[in-house]
Amino acid sequence: MRWSVDTDFITADRIPQYVIGFGAAVTLVMLGEILLLTASGSPYVTDGAFLIGVVTVVPFLVGIVYGGYWLDSSRLSPPRYLRVVGWLFSGLVVFLLINLALIAAVPTDRFAMVVAWIRWAVALGAGIGLLIGCIEARTIERSLAAERASLRATHLEEQREFLDYLNSILRHEVLNAATIINGYASLLHQEAATTDQHRRWAEIVIDESEEMSTVIDDVQVLLQSVEGEWQLEPVNVSRIVTEEIRKLEQKWDSIDVETSIPADVSVQADELLARVFRNLLSNAVEHNDAARPRVAVTVEPGPETVRVEIADNGSGIPASELDSIEERVESYGSTHGLGLYLVHQLVSRYDGTIELTETGPDGSVFTVELPAATVGKGS
């Protein structure tokens, strides 16, 4: 049974070649007729009826060969070829039967005329049938494509409504709850904690609530990034990176930051670009176990892309995790949490790349490359 199915698929897939071969075969028959009649000195080769038959059949033969090439290059599925060929042979048979009846009604003693008439009928019938089949197949494919587009649009609209609902829940319910938890934990830490253990517990609650708020914020950005279409425009990456470094230094007092950032370097992005560097800079510090975290940021403009490197002096990513880091980033499983997944999604959105270019006991380096834009027109 399996062999039969596979054979049918291969046959259907080769139908365009069969159509081309059929057109070429009928053409060879016509040329053979002309050569034989010419070689035998038959006056029929210059007969008006014969010449008219040759002239009128040529466009149909060209159409059959072209139809085979069209089928081969079209987006029709191979099983649909069978219906097209069905139309070809239906046209051939119907037209041939009609002309055989005419041949019987109009007797002729010229065998060459009968052969030419039959060849003419075969070519015209097959050509007309193939044309009808191709038109029908294309119409069906367009109808199916329009139906799929309509279903896809409906699905996208339903998905957008669900994402809006989910975003609303995260913003008004979960984020508010995390803010309340953080506020009361801060009060406990400041006023009600009587021992170091109590204060430690309060700090844990504060840290976890802040982490929850960060994750919710990242999810909201992800929801925003997948909603509808987006418009990329020149964005001043120098200003954005500098601003995110300033925020990092305000949040973390005991860090060293080294920068090499030329002024007014722009890339093709949108207003969410800041989240890329906010997450990468935060990861460089939060997951850094050095006595004094150090972050080095370099922006290198180029003619086509802008390269941004963010290096830290942490202990690096363990060798056992290197092979699976990409899979873990894309499946939310990275030790750096949702942040790297968000970075990956946004950079892909901008037609850029992000890569872990170096990691080891001296630290890690993440490199982001983004399409360059016109300098000085960043937002």
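Predicted model: local features only at pLDDT ≥ 70, side-chain atom pairs only at ≥ 80, totals over all residues.

Student: How many salt bridges does the structure hold?

Tutor: There are 13 salt bridges. In one of them, Glu33 pairs with Arg119, with the closest N and O atoms 2.9 Å apart. That pair links distant parts of the chain, 86 residues apart: Glu33 is in helix α2 and Arg119 in helix α5.

Student: Are Glu33 and Arg119 buried or exposed?

Tutor: Both Glu33 and Arg119 are buried.

Student: What about Arg246 and Glu243?

Tutor: Their side chains form a salt bridge at 2.3 Å, N to O. Both residues sit in helix α7, 3 residues apart, about one turn of the helix. Arg246 counts as partly exposed because its relative accessibility is 36%, and Glu243 is partly exposed at 29%.

Student: Which residues are linked in a network of salt bridges?

Tutor: Glu244, Lys247 and Arg278.

Student: Switching topic. Which residues form the negative surface patch?

Tutor: Asp207, Glu208, Glu210 and Glu211 form it. Glu211 is in helix α6, residues 196–226.

Student: Now the tyrosine. Where does Tyr350 lie?

Tutor: Tyr350 is in the loop between α11 and β6. Its relative accessible area is 0%, so Tyr350 is buried.

Student: What is Tyr350 in contact with, leaving aside neighbours within four places in sequence?

Tutor: Its contacts include Leu232, Asp270, Val276 and Pro371. Asp270 is 80 residues from Tyr350 in sequence, yet the two are 8.3 Å apart, C-alpha to C-alpha.

Terms used
Residues numbered from 1 in each chain as written. Heavy atoms only, no water. Patch = residues over 30% accessible without salt bridge, like charges linked within 9 Å, V, L, I, M, F, W, Y side chains within 5 Å. Areas by Shrake-Rupley, 256 points an atom, 1.4 Å probe, with all protein chains shown as cover. Salt bridge = Lys/Arg side-chain N within 4 Å of Asp/Glu carboxyl O. Lys, Arg positive; Asp, Glu negative; His and termini not counted. Charge placed at Lys NZ, Arg CZ, Asp CG, Glu CD. Helix = DSSP H or I, 4+ residues; strand = E, 2+ residues; numbered from the N terminus. Buried < 20%, exposed > 50% of the residue type's maximum accessible area, 1.4 Å probe, protein only. Contact = heavy atoms within 4.5 Å.
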